[in-house]
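Me: I am new to this structure. Please take one part and look at it closely, then show me how it sits in the whole.

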Amino acid sequence: MGDTIEKVSIIVSKGSLEGVYPALIMANGARAEGIEANLFFTFFGLDAVHKKRHDHIKVATVGNPGLHLATLAGGIPGVSSVMTHYLERKMEKLDIPSIPEFIEMISDTGAGLYGCQASCDLFELTKDDLIDQVKDIITVGEFYEMAAGGQIIFT
Amino acid sequence: MTTATYAGQIVTVNDEGFFENPDEWNEEMAPAIARTVGIDELTEQHWRVIKFMRAEYAEKGTGPTVRVLGKTSGVSVKELYELFPKGPAKVAAKIAGIPKPRGCI
């Protein structure tokens, strides 16, 4: 059994659509395989569990060469929203859940969701600002204690 | 490829223990398969999921993922993980004698 993964701890540091989804898919996929999973939201990744912001996560249309859109065009007001709506519609067709729905589901699978203490201090956020599924706001030391013996993924 | 014996019958399974041929499966085998994945007793709710997996496979040729199960089987995602802690879609597929469901979400 030495070649199986028993536990993953996933750090979500980005607040863009393309920054958040891969982490959620990996966490959900881990639980589906019976792997223990914890998600740790830090810096702009906190937006994914922020009550007022988690339903408004957008695709980065500037500084994102993979989008194949001229930076100048990407910077025009509204372009990020339009691009996000376009992607969201495609995702809906593929039955990929929205970020709030996905996070609720991941919490239901038994994965742990945690906020980063240093980032919450920096952005002046308390547990009340974060969605109910977030179990706690923890320090980096507590994160490492929780992650001990498993794999750590940084996104 | 290897074989396993459930309820006195020899069946062909892959390296992970999933049935190679779902037609070889019958309901008497389910409790024995369940014990190999740490489920000592199959409750009515377990059976509800197992039968749903069989029906989905028969209809679509592939088993549902956890998300699809949670949306369509009538058993919530939370309860699915209580019933099958080691991964509902994967474990229920194994007990139901169908291939491991493919799908990222």
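Reply: Start with a definition: a residue counts as buried if 20 or more other C-beta atoms lie within 10 Å of its own. By that rule, buried residues make up 30% of the 155 residues in chain A. Keep in mind that this is a predicted model.

The part to look at is helix H4 of chain A, residues 99-108. First, its setting. Chain A has 6 helices and 5 strands. Read from the N terminus, their order is β-α-β-α-α-α-β-α-β-α-β. The C-alpha trace of chain A spans about 50 × 35 × 25 Å along its principal axes. The radius of gyration of chain A is 16 Å, which agrees with a compact globule of 155 residues, because such a globule would have a value near 15 Å.

Now the helix itself. Which residues of H4(A) are buried? They are Ile99(A), Phe102(A), Ile103(A), Met105(A), Ile106(A) and Ser107(A). The cover over them comes from both chains. From chain A, it includes helix H1 (17-32) and strand E3 (112-116). From chain B, it includes helix H3 (66-72) and helix H4 (77-83). After H4(A) comes Gly110(A). The phi of Gly110(A) is positive, near 100°.

That cover leads to the contact between the chains. Chain A puts in 12 residues and chain B 13. On the chain A side, H1 and H4 each supply at least two residues. H1(A) gives the most, with 4. By type, the chain A side divides into 5 nonpolar, 5 polar and 2 charged residues.

In soluble globular proteins, nonpolar side chains tend to be buried together. Here, the largest nonpolar core has 55 residues. Those with the most contacts inside this core are Ile10(A), Val12(A), Ala27(A), Leu39(A), Phe41(A) and Ala92(B). H1(A) gives the most to this core, with 6 residues.

Leu39(A) is then in contact with Ile10(A), Val12(A), Ala23(A), Ala27(A), Ala111(A), Leu113(A) and Tyr114(A). Two of these names, Ile10(A) and Val12(A), are also in the list of core residues with the most contacts.

Technical notes. Residues are numbered from 1 along each chain as its sequence is written. Chains are lettered from A and ligands numbered from 1 in the order in which they are written. This is a predicted model: local features need pLDDT of at least 70, side-chain atom pairs count only at pLDDT 80 or more; totals for chains, interfaces and linings use all residues. A residue is buried if 20 or more other C-beta atoms lie within 10 Å of its own, exposed if 12 or fewer, and partly exposed in between; C-beta atoms are placed from the backbone. Two residues are in contact if their C-beta atoms, placed from the backbone, lie within 7 Å. The radius of gyration is taken over C-alpha atoms; the globule rule is 2.2 Å times the number of residues to the power 0.38. A nonpolar core is a set of buried Ala, Val, Leu, Ile, Met, Phe, Trp, Tyr and Cys residues joined through C-beta atoms within 7 Å. Ala, Val, Leu, Ile, Met, Phe, Trp, Tyr, Cys and Pro count as nonpolar, Asp, Glu, Lys and Arg as charged, and the others, Gly among them, as polar. Lists of a residue's contacts leave out its neighbours within four places in sequence.
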